[in-house]
Amino acid sequence: LLPSASVMLLDDTPLFEPSLLQQLDWASNAVPFSPPISPSQPGEGLVLRPLCTADLNRGFYKVLSQLTLAGDVTPEQFIKNFEHMKESGDYYVIVVEDTQLGQIVATATLIIEHKFIHACAKRGRVEEVVVSNTCRGKQLGKLLVSTLTLLSKKLQCYKITLECSPSNVDFYKKFGYSTSEEKYMQCRFFD
């Protein structure tokens, strides 16, 4: 049974251990940044960190809705999903917060899939990369993808994949991604 909304707290407890982001080998990053930025120095007034439940009130869904239909989500739904993701340990949602505005301006997700193939290896999957239209041009998309790519390597994934439109292929090639022979297919049940 889910506790009532008045008992639920939207707080700054991170989805995953923040030190994972500081432990990344940024020297092995595949793309140049000019001016230089990194997970620990994403730009003036910006912080890159794991998602927390308080981000619900910091415009997290406003940013997601610039990518796709985010839907109307109650605090109860958000917390339940967050707790599920945190408990599984296979979800790494990162956000960039503008600390002056107290608003989320970018986000991306790394999901770890556990496989029986490749000797029970792990595969990383990048999802939901989006930068607020007010912050585009600040290299935040590059920062998010670089961070999640290095994180999947640190987590010992044998590969990392993502889906993108043909117009974004050249962007992702900069990070070492290549197109595959496989074609993405879907069977959609709801819009």
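Trainee: Which residues does UniProt list for "domain: N-acetyltransferase"?

Mentor: The unreviewed UniProt entry gives residues 46–191. UniProt positions follow the numbering used here, feature names are shortened, and annotations may be inferred rather than shown by experiment. This is a predicted model, where local features need pLDDT of at least 70 and side-chain atom pairs count only at pLDDT 80 or more, while totals for chains, interfaces and linings use all residues. Residues are numbered from 1 along each chain as its sequence is written, and side-chain values use heavy atoms, with hydrogens and water left out.

Trainee: What makes up the span of residues 46–191?

Mentor: That span is 29% helix and 28% strand, and its end C-alpha atoms lie 33 Å apart. Helices (H or I, at least four residues) and strands (E, at least two) are DSSP runs, numbered from the N terminus. The protein has six helices and five strands, in the order α-β-α-α-β-β-α-β-α-β-α along the sequence.

Trainee: Why does the radius of gyration of the protein agree with that of a compact globule?

Mentor: The rule, worked over C-alpha atoms, is 2.2 Å times the number of residues to the power 0.38. For 191 residues a compact globule would come out near 16 Å, and the protein has 17 Å, so the two agree. Along the principal axes, the C-alpha atoms fill a box of roughly 50 × 40 × 30 Å.

Trainee: What makes Cys157 count as buried or exposed?

Mentor: Buried means under 20% relative accessible area, exposed means over 50%, and partly exposed is in between (1.4 Å probe, protein chains only). Cys157 has 14% relative accessibility, so it counts as buried. Cys187 has 60%, so that one counts as exposed. Across the 191 residues of the protein, 42% count as buried.

Trainee: How many disulfides are there by the rule?

Mentor: A disulfide here is a pair of cysteine sulfur atoms within 2.5 Å, and the count comes to zero. For Cys157, the nearest cysteine sulfur is that of Cys120, 14 Å away, and Cys157 is in no disulfide.

Trainee: Where is Cys157 found, and what is it in contact with, leaving aside neighbours within four places in sequence?

Mentor: Cys157 sits in strand S5 (residues 157–162). Contact means heavy atoms within 4.5 Å, and with those neighbours set aside Cys157 is in contact with Ile112, Lys122, Arg123, Gly124 and Ser152.

Trainee: Why do the buried residues of H3 line one face of the helix?

Mentor: The buried residues of H3 are Phe78, Ile79, Phe82 and Met85. Seen down the helix axis, they fall within an arc of 130°, so they line one face of H3; the arc is that of the directions from the axis to the C-beta atoms. An α-helix has 3.6 residues a turn, so residues three or four places apart point the same way. The buried residues of H3 pack against helix H2 (60–64) and strand S2 (91–98), while the face turned away carries exposed Lys80 and Glu87.

Trainee: Why does the span of helix H5 agree with what it should be?

Mentor: The expected span is 1.5 Å times one less than the number of residues. H5 (residues 140–154) has 15 residues and should span 21 Å; its end C-alpha atoms are 21 Å apart, so it agrees. H5 is also mostly covered, with 13 of its 15 residues buried. Just after H5, Gln156 takes a positive phi of about 65°.
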